[in-house]
Amino acid sequence: MNIQLLLQQSIHSSDFNLTEIIKNALYWIDSLGTIGAIAFIGIYIIATIAFLPAAILTLGAGVVFGVFWGSIYVFVGATLGAIAAFLIGRYVARNWVDKKIAGNKQFAAIDKAVSKKGFKIVFLTRLSPLFPFNLLNYALGITGVSFKDYFLGSVGMIPGTIMYVYIGSFAGNIALIGTEAQPTNMTLTWVIKIVSFIATLAVTIYVTNVAKKALEEEVL
């Protein structure tokens, strides 16, 4: 499979040269073979801590690793990165985080609710697109949520992770059309892929909408 062709056609952004750097990193990861997964997870952790657009990496994971392994590697990297940011926010950069979210009513509401219903609130914020992922990691570090509830609440990232990885994989498959690497039985293959994609998208949208409403009832 021509991984360079897939990445060039399935990942697009206008973020100066950052996208190009990330794409080059994905090429490098793919060339590493079996240890590529470790390198990917490490880069994902750094991206999460540094407020880099991890969504590009998530899409790329679908191209490089496929839906199953790509989802696992993204979830592990995102969870470890979120934990690192949480600990930095709580013990190292507390004042900086406090200034960053000062005056934000949504975060203030979360701060009040999370001390009573830690796991539930973290879980819902992970499911809901209301809050920016990278900043939320740091912001939760200065709330009263326990590390245990914060860690367990990470499972809320799973639906969104699978959806974005699937989109990356799907885009990669589209990029293969007209190449030697395209599947032999095109009709059946694409029917399965399209139905699976629509089902994944529908379930994710439904779950995030339910989470959004539940979160609004709890904290907004």
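## Basis of the model

Helices (H or I, at least four residues) and strands (E, at least two) are DSSP runs, numbered from the N terminus. The model is predicted, so local features need pLDDT of at least 70 and side-chain atom pairs count only at pLDDT 80 or more, whereas totals for chains, interfaces and linings use all residues. Residues are numbered from 1 along each chain as its sequence is written, and side-chain values use heavy atoms, with hydrogens and water left out.

## Helix α8 and residue I121

I121 belongs to helix α8. Because its relative accessibility is 0%, I121 counts as buried; the term buried denotes under 20% relative accessible area, exposed over 50%, and partly exposed the range in between (1.4 Å probe, protein chains only). I121 and Y150 are 29 residues apart along the chain, and their C-alpha atoms are separated by 9.1 Å.

## Helix α9 and its surroundings

Helix α9 spans residues 133–141 and is mostly covered, with eight of its nine residues buried. These buried residues are N134, L135, L136, N137, Y138, A139, L140 and G141. They pack against α3 (36–49), α5 (67–91), α6 (94–100), α7 (105–114), α8 (118–127) and α10 (147–152), where contact means heavy atoms within 4.5 Å.

Residue T48, in helix α3, is in contact with F133, N134 and N137, among others; the count leaves aside its neighbours within four places in sequence. T48 counts as buried because its relative accessibility is 0%. Its side chain reaches the backbone oxygen of Y44 at 2.9 Å, a polar contact being a pair of N or O atoms within 3.5 Å; within protein, one must be able to donate a hydrogen and the other to accept it, and residues adjacent in sequence count only if both atoms are side-chain atoms.

## Nonpolar cores

A nonpolar core is a set of buried Ala, Val, Leu, Ile, Met, Phe, Trp, Tyr and Cys residues joined through side-chain atoms within 4.5 Å. The largest such core has 21 residues, of which F107, I110, L140 and Y150 touch the most other members. Two or more residues are given to this core by each of α5, α7, α8 and α9, and the largest share, five residues, comes from α9. A second, separate core of 19 residues includes I22, A37, I56 and M157.

## Annotated spans

According to the unreviewed UniProt entry, the annotation "transmembrane region" covers residues 32–65, 71–93, 121–140, 152–176 and 188–207. Residues 32–65 are 76% helix and 0% strand, with end C-alpha atoms 12 Å apart. For residues 71–93, the chain is 91% helix and 0% strand, and the end C-alpha atoms are 30 Å apart.

How values were computed. UniProt positions renumbered as here; feature names shortened; annotations may be inferred.
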